[in-house]
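Hello,

Here is the structure I promised to pass on. Please open it and keep it beside this email as you read.

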Amino acid sequence: MTKYIFVTGGVTSSLGKGIISASLAKLLQSRGYRVTIQKFDPYINIDPGTLNPYEHGECYVTEDGAETDLDLGHYERFLNTPTSKANNITTGRIYQNVINKEREGAFLGKTVQVVPHITDEIKRNFRILGESGDYDIVITELGGTVGDIESLPYIEAVRQFRWEIGSGNSLVIHLTLVPFLAAAGELKTKPTQHSVKMLLEYGIQPDILVCRTEHHLNADIRKKIALFCNVNINAVIESIDASTIYDVPLLMLKEQLDKTVLTKLKLPHKTEPVLDNWKDFLGRLKNPTADVRIALVGKYVELPDAYKSITEAFIHAGAAKECKVRVEYIPSESLTPENAIDKLKGMHGVLVAPGFGERGFEGKIQAIRYVRENNIPFFGICLGMQCAVVEFGRNVLGLENANSTEMNPETAHPVIGMMEDQKTITNKGGTMRLGAYACELKKGSKAATIYGKTSISERHRHRYEFNNEYLKQYETAGMLPSGINPENGLVEIVELKNHPFFVGSQFHPELKSTVANPHPLFINFVAASLAYARKK
Ligand code: GLN
């Protein structure tokens, strides 16, 4: 039978529930268990696809085309196994399902209520992955903080669920903060005590407390927390600030979180976790032999979480090359033809980020012109690739005012246009070209060499595409469409022939980069930037 672990948070948000969940999953996976993680978010949006990145950070896209919370990216990067639609559920989705059932007549005669109808639907969703037969353990991370009005139905659903599946089959891990009061020179346990009291009010006794702290918890503090919160002393787990999120699995191993979990779930400990590859990655990450500066040009750079998967992909690729990648964020709006050279001076590579809308678009074009003309390594992702096509159209092909119809629907040269099947869509949510699509790489292209094969599959999230009417002109002038979707002929990747590294991908390679499998495009971009830095 599948066992269930629930991860809740107290005291404050941003304690890192996602990283703790992913780290625990990593340890259990490396002991030989089949584990997955799902996240329940207590907001009314059906998914985060329509949220501004400033609100919620990056929107992570799964193989099956779900637009999800960025924590799913962490799950995939740690576990190296894909997630799916079922791994991220929001309150909006729960209510939508219940309301649809109501309209179908499934509750005929009944008043539809939060308890039991919403809580039943939450519990049904808790079980979906567990019942697939694919997992021994399902970790469910509950978004929000205990005590929030919106979290209440979830907490109640956990209480009912635990009672239904019987003891030993589930456990609750509660994350709290143990702040250090500088004036008193002490760590304080009171917020943790209050947070656990609140959970107890809702009928849940946490089994394990993971205490986020800036200083080590000594035996007295652990004893005190154990005594006041009714947990065993070995269930008080220290989660100290780490220099990288990738240290957290090893920190949790040291705290024996995995053993405590398995004992409480009455599961055999099996072998000690095999983490050789992980440690090898950390070793390379922490002992770089070189350094490169890469500019990330984008519209949402004030919030680095907006580009989470890209920055993590750089960490993976940097470790692969034993090279520290210094990502420097440049707001695209700040770039003009006059200052682009100045702002990008000293950069060894430039990545133009995905995005939507006109703001900052012309700045990206300037950045691309500069790197193209100066042989600086360039990587454009999604909108970044579209910008590269527009720049090449304007400045090499001489197509005056060439543009994407997203920026100027009236342009005389729509080198990027809306996909045919997008034109009739009016709803915004979940209607882009989403998820994994096949791509055939041209033999002999840089892309094929980088991937080491010609059939690939990558994830998408866009409405616009390369306009194939211009294909010949681009190819003749040296911009090669090196990857094509075999079913519909869409251009998925372009590259410049006479340039050390100039690649634009319509897909999002960053979504598939993991610790175990750093993405080849990122590795090669970092390598090209390193070569450029050495030449300088
Ligand atoms: N706005 C562009 C489109 O919809 C690019 C999207 C993206 O960068 N993810 O096609």
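Predicted model: local features only at pLDDT ≥ 70, side-chain atom pairs only at ≥ 80, totals over all residues.

**The cores**

The largest nonpolar core has 57 residues. Ile5, Leu28, Ile137, Ile139, Ile173, Ile208 and Val261 touch the most other members. Helix α1, residues 17–30, contributes the most to this core, with seven residues. A second, separate core holds 39 residues, including Ala295, Ile330, Cys387 and Tyr464. In soluble globular proteins, nonpolar side chains tend to be buried together.

Look up Val261. Beyond its neighbours within four places in sequence, Val261 is in contact with Ile5, Leu24, Leu28, Leu171, Ile173 and Ile208.

**Two crossing helices**

Next, α1 and helix α10, which spans residues 257–264. Their axes come within 9 Å and cross at roughly 75°. Angles of 65 to 115 degrees count as roughly perpendicular, so α1 and α10 are roughly perpendicular to each other. From α1, Leu24, Leu27 and Leu28 meet Leu257, Asp258, Val261 and Leu262 of α10. That contact has six nonpolar residues, one charged and no polar.

**A covered strand**

Now find strand β21, residues 479–484. Is this strand mostly covered or mostly uncovered? Mostly covered: five of its six residues are buried.

β21 has these pairings:

- With β18 (residues 433–441), β21 runs antiparallel, joined by two bridges. Glu440 has Ile484 in β21 as its bridge partner.
- With β22 (residues 491–496), β21 pairs antiparallel over five bridges. Leu480 has Glu495 in β22 as its bridge partner.

The hairpin of β21 and β22 has six residues between the strands. There, Gly489 takes a positive phi near 75°.

Best wishes

Conventions
Residues numbered from 1 in each chain as written. Heavy atoms only, no water. Core = buried A, V, L, I, M, F, W, Y, C linked by side-chain atoms within 4.5 Å. Buried < 20%, exposed > 50% of the residue type's maximum accessible area, 1.4 Å probe, protein only. Helix = DSSP H or I, 4+ residues; strand = E, 2+ residues; numbered from the N terminus. Contact = heavy atoms within 4.5 Å. Axes fitted to C-alpha atoms, helices over the stretch in contact; angles between N-to-C directions. Parallel < 35°, antiparallel > 145°, perpendicular 65-115°, else oblique. Nonpolar A, V, L, I, M, F, W, Y, C, P; charged D, E, K, R; others polar. Pairing = 2+ DSSP bridges.
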